[in-house]
Amino acid sequence: MEQIKLTINGKEILTTSEKTILEVVNEHKIDEIPTLCYDERIEPYGSCFLCVVEIEGMNKLVPSCCTPVTNGMVIHTDNERIRSSRKTALELLFSNHYADCIGPCIDNCPSNVDAQGYIALISLGKYKEALELIKKQNPLPLSIGRVCVRDCELACRRDIVDEPVAINNLKRYVADIDAKHKWIPEIKPNKNKNVAVIGGGPSGLTCAYYLTLEGYSVTIFEKLPELGGMLKYGIPEYRLPKKVLNDEIKWIIDLGINVKTNIEMGKDFNINSLFNNGFDAIYIAVGAHKASNMRLKNEDDTKGVLWGIDFLRELPTKTPNLKGTVIVVGGGNTAIDAARTALRCGADTVKIVYRRSIKEMPAHPFEIEAAREEGVEFLFLTLPKTIIRNGNRLSAIECLKMELKDAKPGERPRPVPIENSEFILECSYLIGAIGQQVDTSFNDPENECQLEAWGTIKVDNNTMKTSINGVFAGGDTVTGPYTAISAIAHGKIAAQSIDKYLSTGKIEKQQKPFLSFKHKLSEVSEHELEHIEKIARNKMPELPLEKRTDNFDEVELGYSDGQSASEVLRCMECGCSEYYDCTLRKYADDFNINISDYIGETRQYKVDNRHPFIVLDSNKCINCGRCVRTCSEILEVSALGFINRGFKAVIKPAMERPLLETNCISCGNCIDTCPTGAISENFPFKVLGTLRKENHRSICNFCSIGCNINYKVIDNNIFYVSNSTDEIINSHNMGYSCIKGRFGHRYLMDPDRLEKPIIKTSDKIRKSEWHEAITFTAKHLKTIINKYGPDSIAVFGSPKYSNEELYLIQKLARTGLKTNNISSFSNLLCCPEQDCLDDSLGITVSTTTMDNIDKADIIVVINSDLSDENLIMELKIKAAKKKNTKLILINSSEIKLTKFADLWIDTRRGTNTVLLTGIARELIAKRKTDKHFIQNKTTGFNTLCEMVSTFSPARVCSLTGIDIQKYEQLIELLNNPDDNIVFIYNLDSRKEKAKGDLRAIANLLLLNNRINRDGNGLILLRDFANSIGLSDMGVSPQYLPGYIKFHENNEINRISSFWETDLKKIFKPVNFMEKMLSGRIKGMLIFGEDPLINTDNFKYFKGVEFLLVHDMFYSHTAREANVVLPAAAYIEQEGTYTSCDRRIQKVKQILKPKCGKPNWEIIANLAGHFNKGFEYESAEEIFKEIKQINRFYKNCSINGFWAENIFQKEFFTKNKKANFSIYDIDMTTLSPEKQEILFSENYFKTKIKNKLMI
Amino acid sequence: MKEIKVGLATCGIAAGGMLIYDELKKEIKNNNIEVELKKTGCMGMCYREVLVEVKDDSDSYLYANVTPDKVKQIVYEHIINKKPVKEWIIKSKDINKEDAFYKKQKQIVLRNCGIIDPSSIDDYISNNGYKAIQKCLNEYSKMEVIDIIIKSGLRGRGGGGFSTGLKWKFASQAAGNKKYIICNADEGDPGAFMDRSTIEGDPHSIIEGMMIAGYAIQADEAYIYVRAEYPLAIERLLIAIKQCEDRGFLGKNIFNSNMDFKIRIKEGAGAFVCGEETALISSIEGKRGVPRIRPPFPANKGLWGKPTNINNVETYANIPWIIMNGPQAFSSMGTEKSKGTKVFALAGKIVRSGLAEVPMGITINEIIYDIGGGIVDGKKFKAVQMGGPSGGCIPASMGDLKIDYDEITKTGAIMGSGGLIVLDETTCMVDLAKFFLNFTQNESCGKCTFCRIGTKRMLEILERITAGAGKEGDIQLLEELAYKIKNSSLCGLGQTAPNPVLTTIKYFRDEYEAHIKEKRCPAHSCVSLLTYTIIEDKCIGCTLCAQKCPVNAISGKTKEPHKIKQDACIKCGLCYDSCKFDAIEKI
């Protein structure tokens, strides 16, 4: 590496060679160069060409991610040419990104209500949240849920499969639920500015609503006696009951809006007077209430001729009694409403006369259908020509037949009268409903709002501002008679503009985000969706026909719970789950792209969701290859690869098989690296598209690596793991997870989680309150102590509980219950050798850290199946191997790691102690030992020499079953004292482990002083997140916190006085197994373990009279318990965990505890019944106490290691020296299978991993 | 009578060469004639295949366009009766019918093609074979060899035109004790067959060239990456390698020199992009053939991360000649910066299609008119397409351009590997650009955004132009995309893919405009833009066209002028082809 000098954007930079331009730019924070195919963790690739930069003297632009810097380079990272190239790259990528950013339903809604989002929330039972989401765009869901024209449903993709999702019915469903117990939004502090809203219809109400939330004082001026506009005066009762509408209006007004009714602009006040009276801005939404005339002679002065809109408006006050035949003229919704209303007003026959055919009718099809059902007749291609009168009373009309001509593309055909086709229709009423106009008589000649040629107010459609400064307009006033949802959209936009105008003085158009849609690139084919099961749309329950005609009762009755639950499942979740995390989309906005020049062929694929957790949507793939490269370079699995050439090149699982049938290990790291939504999680819940998710950094609770992971939380109890945040990528696991870390946490969302304590008495099992359950427990424990003594109580802690919980559990046992019967079933049953290094080093812990394996020349992995148990450790080894570290694997059978090993020593099971002893003999014989260290810091060398002397190569090979050549190779590799060697050993392994293994390893470490040398040592892996914390905290009869042993009187005294408990009487050796088997344990407290999942273990419960179980689930053990206390999950509370290499990490509270309180509080509450000293305010306070008690934690910091270089000063043996271990060779292994006695692990095995079985 | 040779390269075999060979064998046996029947490679005159050379004591006679029924007569009259069949002979002492084809050629690469039996190492040896490598081993140091190559001025014949000697120098200077030689025989340009013919006709010269390169850069292992579509070339290479191994020319301690050299054949699956050196290396390594960014160049980090020298077939074939004849002999040919010769595969609308090796500096017109014999059917010469899909079109007006790397690059085309396709007035230049772009689009590895999607979008624009749906601004859009693709692609494929479009726009912009603005194809080639009409005056009402029309779009009474119903016409052209009175007009 050499020092070089270069110039970037005119700035001189000193750096070193072997870096890429991008690395230098990022390092010096010169610019933020956009990238898609770049992932700092894998080799640069250079395919997206977004990161191009210009180098002076070169014609071409170069990709900065893979161009190395050279001395004297002059680089520009941003100019017109570069931006234009990046922009085109994005446009090209989007032209072949056949995908929907958001559901087309949302896009097609004039107000962009997040339909997919609220459907997802309804599916989760989050009705309140669904309603809140709707009201972000539409404050009138009760009304709109009844009368909307449903542009969303027109766009719904489900239509291609069967029928659109009944989106509006679902909206009404949540709105109806909310109507019973109303959600009240938060209102910002008063801004002391006044806004006048003219017109109390949907648009005015909406504008008033959003302005009120922003803190403005709003006054609505309404010409009619009541608010509601067309919703009230144009829509009949049977479609939108006035009570429902009034309730909804009241809810808005009650937020603090002033209302003035019966007051008309142009008569009672005008724009100038409003400004003069202290209003700062005005929104005009007076609607279009003036009926258009039919251009028939005498229509104004004939009795029996009515106007649809007037007819409907006056309905509430005067319901006419119609008789005979009523003819309604027109084809819009008003015509239909008038016709259906006429029926309800007693008409014998109602006919709708329309000059075009049914196809051209602007009324909504379902409205037409409803009218037909109720008996309305339709006369299409018919035009009224003359009114025939009897005196001035209508008697009939003369009509003409029409024909349709000249349909231009995109236009409605023109109706043309057929000559001599006149005919007479007798009727007693004629209702004109051919349209309405805006009554602009309010316009003040002195300060006139500019109008459009057709009589509506002229506005800027992006901001709703009119020609007058400070005056805005929207709704029908601007569009002419149109839809309620469009009026609402205008109200919302106007509110935003008014807010901008009043707070900044400027009105800016809001930039709309770039959104990709399938239908804008190509027609969405039936074929693409053929795999989707056809499910009929839930029919809206309706009032029976016979009950409709003589009243105005609401016809549509609303969905039942069951209907809504099944309807939400019909949503195909078109919008992308990565909406907020998609890098591609983000850049689209940054570069303001426009793909219209490049629309052409697109690659189209069926979405592949055959994998239970991973969805592959190749339509969204941009060929950046990050997944392929992560899978091959980091994981060395290669489950994904490229197929095809040219435009058709795309990423698919190997051999185009389903992912499950490849080498895929379901770690999901491909999901995180994918910069688009092409690889995403197959969520156990509906895709939540545009819903915001919060990122929370925390750690994984499965194995002892302590991986940092990012929980993405959607509204408290719904979350998933997604590790693409910078801080996670920069953590020690580099943002990588295994299958457990990614998908295993799903059990926390299981509906079976316990929320309330359970008390079991002889006659029944019942839920109880916390106080009762804890008092009940304390009472029973006291009885047992009184009867059998404190030694009859045993307490068990889980290796997955936090340090704070474990500390309290053992403190409860020792100071509260006064017993040293404290342990964990996981250790007792599965890993009895907690102390195997105690004789040689004083404590049994990892002597080095995972960060150190980078520096190793040789890694020796013994008795550890990393791929299954500690995948991230395996990744670290693979990364080290790329830097020429050698890997020696000692394992009886072939495992996934075998093929990566430089040397695989396939010993017979249980003979590894022999092998390791043999190695010691060879090192001593070859005099490859550190004599100085041995002499000064150790004892027992001579005895060791004697013990190993009989392990000649021939004997070792014969006992272990390996070839002599292999053995020689092994010795050859290990015998250089200057090489750095790290041993990795899984203490929880069962199949391979023999008793002397670790003692033999300790001897090897001591022979070359591999204890305090960088890049050397032992990493003791564990299966569970806090197996180390369990020992650190003294959840063991052998140690007090900080590995204080029975002989350490000073330490015992120190803690005794701290705890105000005489530990000398309590802290004594315990023969646990014997005590339990002989039934001497009468009371048992089990925290977070499920030993009875294995019925064999009932033998330990023989004498138990009282059992307390603390767990998140009603586990096998909980079923036997007298009291079950529900537990909070690790992400529901604060705490610290200690990884296998002694790294202390903090867990933050991310979710609210399901059971209502954190575990430490529960334990402290219980302990408080027995002793004082449990009065904590927070988990942090407990940790402070741990630091005072545990000598190794004294100076530790969060995210640091407890006591780095622990053995530098001394060893923790009695003689303060390291002792060579003398051990018996025992070639029997422990029982072959592990017992999974933790609910989480068992859940993972049965409910997560089992899904991967083909 | 000594020997009879049959040209049995792929061109000869395609023309029925094996039938002739078998027939000759049968006749020789039946007539008990003592003559050696040999196979040989391509003699260049592919347009004259099958070629049979009969050598007697005094002369050699080259028979052209030999068909099986001619064999008997040749054997009977020429061999038995010693009376050469003069009318079929194109070359002998007295006859020189194809003199023009050879007159301006200079054969270095093709020196043995069509002369020796490619499956005989002895034939090669007897033509000075394997003397150059021994000369290097015995007389020259490694640096001296590199110097000779540098001095010769030889530039990479694969198309890049980089100095071969310098390339060797970099590889020889690269750190590492394991190095590789690769021969790129992944000839993928449509219409190019120089390398195939060279391997088929003279495999040993390539092996010898590689040996010399191996000696110069101290490599002991080599790969020949050859497409699996060249089975005959592979077969002849395998035979040649086996023969070398048997004689100790390949393997350990070759020519007793302490040098080890092993050659393996790697068959490519026919991906065009694998002709790009980094993709080729990736393919040999067993990975997907995808280019990577350079630097590092293969000379420093190539195959398996080791220093590697890659040259193509023609480059290696030049090496033994240069060593034997000295660098000056080579550099005396050509222009200031382009030395030696270049083999071209002449194809398209040219009279004499085939292989021609010409000295650098010759003009395009000389190649087309003097060597190639001009345009077929006396049509008008419109342009040459050089360099395949990475190249471009040079219009007829620039026919005096000299063959020289730099001169050709200035036109927007490239020298390329030697494909030279001659186009006449009936070729639509937009359609031609579309053809090449379609090729590169399909053959792009799909890695880089611009090459993968950009070329597709360009192709779609060309498709709509030729379909008569071109829009105002399309030419500008094509140019804009083209420059972005050229500027932002990782490898040569993407960087050059727009060349056929850019050069046709440059020289034939009016043709593009005619398509877009007038919806007219000046070359009458784009089907969607064609109109067939019957010229009333010329039509005699013979009804033939109406009978031929597959869609009954032509109607008319016998002996009266017919008419084509334009909305029914599918523009298949059958009427046009069938009319004996030129009464149908194609516009």
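These legends accompany views of a predicted model with chains A and B.

**View 1. Overall fold of chain A.** The C-alpha trace of chain A spans about 135 × 85 × 60 Å along its principal axes. Its secondary structure comprises 45 helices and 44 strands.

**View 2. Burial and contacts within chain A.** Chain A has 1254 residues, and 62% of them count as buried. Take the contacts in chain A with a separation of 6 or more. Of these, 71% join residues 24 or more positions apart.

**View 3. Surface of chain A.** The accessible surface of chain A comes to about 49200 Å². Carbon and sulfur atoms hold 47% of that area.

**View 4. Charges of chain A.** Chain A carries 162 positive and 163 negative charges. The mean position of the positive set lies 3 Å from that of the negative set.

**View 5. Interface of chain A and chain B.** On the chain A side, 36 residues are in contact with chain B. On the chain B side, 32 residues take part in these contacts. The area buried between the two chains is about 2700 Å². Carbon and sulfur atoms give 56% of this buried area.

**View 6. Salt bridge between B:Lys456 and A:Glu601.** Two salt bridges are found across the interface of chain A and chain B. One of them joins the side chain of B:Lys456 to that of A:Glu601. The N to O distance in this pair is 2.7 Å. The cut-off for a salt bridge is 4 Å, so this pair qualifies.

Note on methods: Residues numbered from 1 in each chain as written. Chains lettered and ligands numbered in written order. Predicted model: local features only at pLDDT ≥ 70, side-chain atom pairs only at ≥ 80, totals over all residues. Heavy atoms only, no water. Helix = DSSP H or I, 4+ residues; strand = E, 2+ residues; numbered from the N terminus. Buried < 20%, exposed > 50% of the residue type's maximum accessible area, 1.4 Å probe, protein only. Contact = heavy atoms within 4.5 Å. Areas by Shrake-Rupley, 256 points an atom, 1.4 Å probe, with all protein chains shown as cover. Lys, Arg positive; Asp, Glu negative; His and termini not counted. Charge placed at Lys NZ, Arg CZ, Asp CG, Glu CD. Buried area = accessible area lost by both parts, 1.4 Å probe.
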